[in-house]
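Trainee: Hi! Could you walk me through this one while I look at it?
Mentor: Happy to. Let's open it up.

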Amino acid sequence: MHISAKDLAALIPAGFTLGVATAAFQIEGALDEDGRGPAGWDVFAAKPGAIVEDHSPKVACDHYHRMPQDVALMKQLGVDSYRFSFAWPRIQPTGRGPANEAGLAFYERLVDGLIARGIRPVATLYHWDLPQALEDEGGWTNRATAEAFADYARIVGERLGDRISVWTTLNEPWCSAYLGYGSGAHAPGLLDGAKALAAVHHLNLAHGLAIAALREVVTNDPGYSITLNLHVIRPSGATGPEAARRIDGLANRVFLGPLLEGEYPADVIADTAEVTDWSFVKPGDTELIRQPISLLGVNYYSTVTVRMWDGESPRAKADGHKDMGGTPWPGSEDVEFLVQPGPYTAMGWNIDPSGLEDLLVALHEAYPALPLMVTENGAAFDDVVTEEADGPAVHDVDRIDYLRRHFTAAHRAMARGVDLRGYQVWSLMDNFEWGYGYSKRFGIVRVDYDTLERLPKDSAKWYAELIRTRSIPA
C-alpha cells in the first residue's frame, strides 16, 4: 500500500508528536562530576574487552556541559518532543538516600529549556545506568532494587512532576535483564539464566512501584508509560511455530503479561522450569505490576527468524546481539536464530519496515484501548563526511531511506486503525553505543569525537522538513 505525502498529512492527527531520543549514559559524559556516583555501566565499560576497542564513556558527547547548545539544536530542527533519560546515580549517587541537588538541578535546567522552546519533555527514569552500590547488592536480581527505584521515582516526580509530558519508567527491560545477567553483553556482564529471569520480574515490579509513586506526587496531567523492545519473530519451517512461541514468551509476553494482564504466561514458566522455580514472584506482585498506563512505548529496529535446532548441525545464533559467551534466551538454548535476508545496517541488523507495521497492528489487536508511541527507531550506517563549498556535510542517503520507509510503515498501521500517538527518532546525535562504543553512529546529527562539534546530517534536514510539512519529503 503506497501512501502519498498528501495522504500521510491527513493521517497525522493534530496531537501527533514528532521527536528525537537519547539516553543519559550515551551522551552526557561527566561521569565523576557534581556528585554523580558510579553506575554499573561505568564499571563494566572499564573491563578490558567489554567495549569495542575499549572505548570510554567518560566524555561521550559531553552533553552535560553542552546541553543548552543541544536544546537549541533541537529547536532548530523543529521537534515537538525530546525523549531523554535521567541518570539515576546523578540524582542518587548510591541509589538510596537524599537527592543530589546538582543532579536534579541539571535536569531541571534541561526540562525548563525544552519547555521554553516549545518542546515536550518525554522523560525516562531508567535507561540502564544502575547505581553501582545497588549492583553490588545484586542489582536487578535483588527485590530491594525495585523498592529503591520507587523511592528514586518519587524524588524526581516531586521535583519535576509539574512539567514532564510523559513519564516512562523503564527503557527496554529485556536488555537490562537478559543481556545484563544472561548473555554478558551488557552490565553487569553475568552469564546466569536464573538471575536474568529474576531481573525480569524485579524490573516489572519496579515499573509498577514507580508508577504508583509518581501518581502520589505528580501535579500535572502527564502520560505514564513503559518502553519495550518487543521482538518481531518470523517462524521458519515445520518447527518454526514452536520456536516462535518460546521466543515470543521470553521476549514479549513475559513483560506484556504481568504489565497489561496481571499474570505471567504459564508456558514461559513451564519452559524455564529447569532454570528457575520463579519463587522470586511473591503473592500480590502481579497486582502491583499491573498499573494503568497511558501509552506503551515501542522500540523497533529489525526482525528475527527462528526454528528449533536439530542438535547436530552448527546452531545459528543470529539474534542481533553481541556474543559474549552467554545466552539471552534461558530455557530455549534449543532454538536457533537464522541469518536474516538483507539489506542490513552497520549493526548487521536486517532492514524490514514491514516488521514495524506488523508489530503495531498486533499490539493494537491485542490491546485495542492502549495508545502506542514509537519511542525508538533509526539506523547506524558508516557515515562519510565530505567537504563542500559551504562546509562539511554528511549525505546519509541510506538513513533517510530507512526513516522514510519506517515512517510510511507506521502510517500504514495508522491507516489500519492503530492509535499511534508519536514517533521518536533514534537518535538525535551519534553517541556511545554501549558495547560497540563509538564505532556505530545512529545520529541524525554527527558528533566529531575529537572536537565534539555537532553537524546536522542530511537526515536531520530531511526530518526537519517532515516535521515542518507533516508529510514525507521527496
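Mentor: A definition to begin with: the expected span of a helix is 1.5 Å times one less than its number of residues. Helices (H or I, at least four residues) and strands (E, at least two) are DSSP runs, numbered from the N terminus. This is a predicted model, where local features need pLDDT of at least 70, side-chain atom pairs count only at pLDDT 80 or more, and totals for chains, interfaces and linings use all residues. Residues are numbered from 1 along each chain as its sequence is written, and side-chain values use heavy atoms, with hydrogens and water left out.

Trainee: OK, what does helix 4 span between its end C-alpha atoms?
Mentor: Helix 4, residues 63–77, spans only 17 Å, while a straight helix of 15 residues would span 21 Å at 1.5 Å a residue.

Trainee: And where is the kink in helix 4 centred?
Mentor: On glutamine 69, with a kink of about 40°. The bend at a residue is the angle between axes fitted to the seven residues ending there and the seven starting there.

Trainee: Which residues of helix 4 are buried?
Mentor: Buried means under 20% relative accessible area, exposed over 50%, and partly exposed in between, using a 1.4 Å probe and protein chains only. The buried residues of helix 4 are His63, Tyr64, Met67, Asp70, Val71, Leu73, Met74 and Leu77.

Trainee: Is cysteine 61 buried or exposed?
Mentor: Cysteine 61 counts as buried, because its relative accessibility is 0%. Cysteine 175 counts as buried too, at 5%.

Trainee: How do strand 8 and strand 9 pair?
Mentor: Strand 8, residues 303–308, pairs with strand 9 in the antiparallel sense over four bridges; two strands pair if DSSP finds at least two bridges between them. Arginine 307 has glutamate 336 in strand 9 as its bridge partner.

Trainee: Why is strand 5 largely enclosed by the rest of the structure?
Mentor: Because six of the six residues of strand 5 (residues 223–228) are buried. Gly223, Ser225 and Thr227 cover one side, and Tyr224, Ile226 and Leu228 are on the other, all buried.

Trainee: Which strands does strand 5 pair with?
Mentor: Strand 4 (residues 166–171) pairs with strand 5 in the parallel sense over four bridges, with threonine 168 opposite serine 225. Strand 7 (residues 295–299) also pairs with strand 5 in the parallel sense over four bridges, and there leucine 296 is the bridge partner of isoleucine 226.

Trainee: Last one: how many residues of strand 13 are buried?
Mentor: Six of its seven residues, so to speak mostly covered; strand 13 is residues 420–426. Strand 1 (residues 17–21) pairs with strand 13 in the parallel sense over five bridges, with valine 20 opposite valine 425.
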